[in-house]
Amino acid sequence: MLDIITLIMVAISLLLFGYRPPWCTKKFIDFKFKEVHDIPGPPALPILGTSWLFLVGRYQISKLHEYYKEMRDKYGPIVKEEALFNVPVLSVYSKADLEKVFKSTGKYPMRPPTEAIAKYRRDHPERYASGGLINEQGEKWHYLRTSLTTALTSPKTIQNFLPEVEAIADDWCHLLETKRDPNGRISNLEELAGKLGLEVTCTLVLGRRMGFLIDDQVCPTAQKLSDTVKSNFAACRDTYFGLPFWRWVPTKSYKRLCDSEKAIYELASELIRTADESTRESAVFQSVLKANIDEREKKSAIVDFLAAGIHTLKNSLLFLLYQVALSPESQEKIITDDTNTFSKACSMETFRISPTAHCVARITECDLELSGYHVPAGSVVLCQTALACKNDDYFKEAKKFRPERWLDDEKNETAANATYLVTPFGYGRRICPGKRYIEQILPIFLEKVVKKFKIHVDEPMEEEFEFLLSPKGNVSMYFNNRL
Ligand code: HEM
């Protein structure tokens, strides 16, 4: 008996001092021991996890995209952070891992909810029957999704809407024309793009033109809705990525979130209340009204659609104009192409190198092996698609804006690599229901603008993280008439 105990003690000591018998290959050790806690990542403190990095000012949440790049460069293709109480949050950057995560989702893909919004909505049952389409999971989410988004995703709705889009694009070009200084410079392009985001999203969802693009019309609703949605995104960012003390006490960012949720709800209610005949005929609005769901769900769906569309569209349009402004040769190709093909390629290329949603979050539904680590079901994984898109292993000259890669001979190769990497609208059953619509309309806006104006920029556009990646500060660009 003593001999056996001695033998075991010797074996343990040898293992502790790093001795491995010849049959115990690296592969065997890796297979046996590589678990989530072995995944490299920044140092974590007990309870606080890795959030201390943001508390001591080493990193800023408004530069989260840069932080994730640094993490990848430092730790490799899979990185572990730790949230409060040391809950692991993994980031994956390689195509193989992104594909595994996306492909592994089942009937009800799970995206980590924006907990602070979920709490706010639970605390206001007079307005909300649930967390809504964006935050719900499982069967409840599936029921809302099928009840609420059929018209939004239907090609027929989009087709019927295109003449309206053309008219909106003309009005926006007119607005740009009037807002230029004598040199053709517009220094508050963000504000004008915000008005376009509002007009387009409201027209789609509410079925009527709102008049947000009419020059010099004082439009307090437009400005307030735009400011409120922006503030809502920033509050979501701070409650989502900051320490979650808001669960117990109403912190500044949680109060900001509550105020903005309340304001968006009231502004949307006002828009719905003043609905005219065309709103009542709108396919999207009608499909929501007719849905077999709690009445409260209907209004909150309209609120969510408006909030989800306005800011994302504004940012995407600004990024697109910026990339094209830097590329006079792309502008020439847009002008000479009557098929809209080159503008579509510009739009896809901007989604590849400058998406407003830089990563897609999922909760894994089954055990996965990611970069050689065993990751159990129920893990939070951030699919870092925007950074993967800038990796030369997956795209030739990956950091370069080259719309041509989406055309002709290169098209198939790009598309094959893009499936799990170029995901500006997310992936799978949980994908953005506005995707098809946005993909159709952005090239229309681009073409209208470029055919009317030569655009250029003379200062770099910085990005900041506001839950979405957004241009930082005022965006200024030149719009000079084409002769
Ligand atoms: C450029 C514009 C837009 C971008 C970049 C964008 C991006 C996204 C992304 C990345 C997601 C997460 C998808 C996932 O987890 O797989 C999402 C979800 C969503 N988006 Fe969009 N979106 C845009 C416009 C719109 C518009 C116009 C609407 C509605 C009118 C909309 C409504 C929604 C809704 C309701 C969800 C939640 C879907 C669900 O969980 O089932 N989005 N969007």
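The model I consulted is predicted.

Ligand shell. I looked up which residues come nearest to the ligand. Of the 28 residues around it, these are Gly 309, Thr 312, Gly 426, Cys 432 and Gly 434. I then sorted the shell by class and recorded 17 nonpolar, 7 polar and 4 charged residues. Helix 10 (189-206) and helix 15 (295-325) each contribute at least two residues to this shell. The largest share, 7 residues, is that of helix 15.

Helix 7. I next turned to helix 7, which spans residues 138-148, and noted that Trp 141, Leu 144 and Leu 148 are buried there. Viewed down the helix axis, the buried residues of helix 7 fall within an arc of 65°, so they line one face of the helix. On the other side of helix 7, I found Gly 138, Glu 139 and Thr 146 exposed. I also asked what covers the buried residues of helix 7. The cover includes helix 14 (283-290) and helix 15.

I examined an open sheet of 3 strands, which run in the order 3-11-8 with antiparallel pairing. Strand 3 (185-186) and strand 8 (453-456) stand at the edges, each with a single partner strand, so one side of each has no neighbour in the sheet. Strand 3 pairs with strand 11 (residues 477-481) in the antiparallel sense over 2 bridges.

Key. Residues are numbered from 1 along each chain as its sequence is written. This is a predicted model: local features need pLDDT of at least 70, side-chain atom pairs count only at pLDDT 80 or more; totals for chains, interfaces and linings use all residues. A residue is near a molecule or strand if its C-beta atom, placed from the backbone, lies within 6 Å of it. Helices (H or I, at least four residues) and strands (E, at least two) are DSSP runs, numbered from the N terminus. Ala, Val, Leu, Ile, Met, Phe, Trp, Tyr, Cys and Pro count as nonpolar, Asp, Glu, Lys and Arg as charged, and the others, Gly among them, as polar. A residue is buried if 20 or more other C-beta atoms lie within 10 Å of its own, exposed if 12 or fewer, and partly exposed in between; C-beta atoms are placed from the backbone. The arc is that of the directions from the helix axis to the C-beta atoms. Two residues are in contact if their C-beta atoms, placed from the backbone, lie within 7 Å. Two strands pair if DSSP finds at least two bridges between them.
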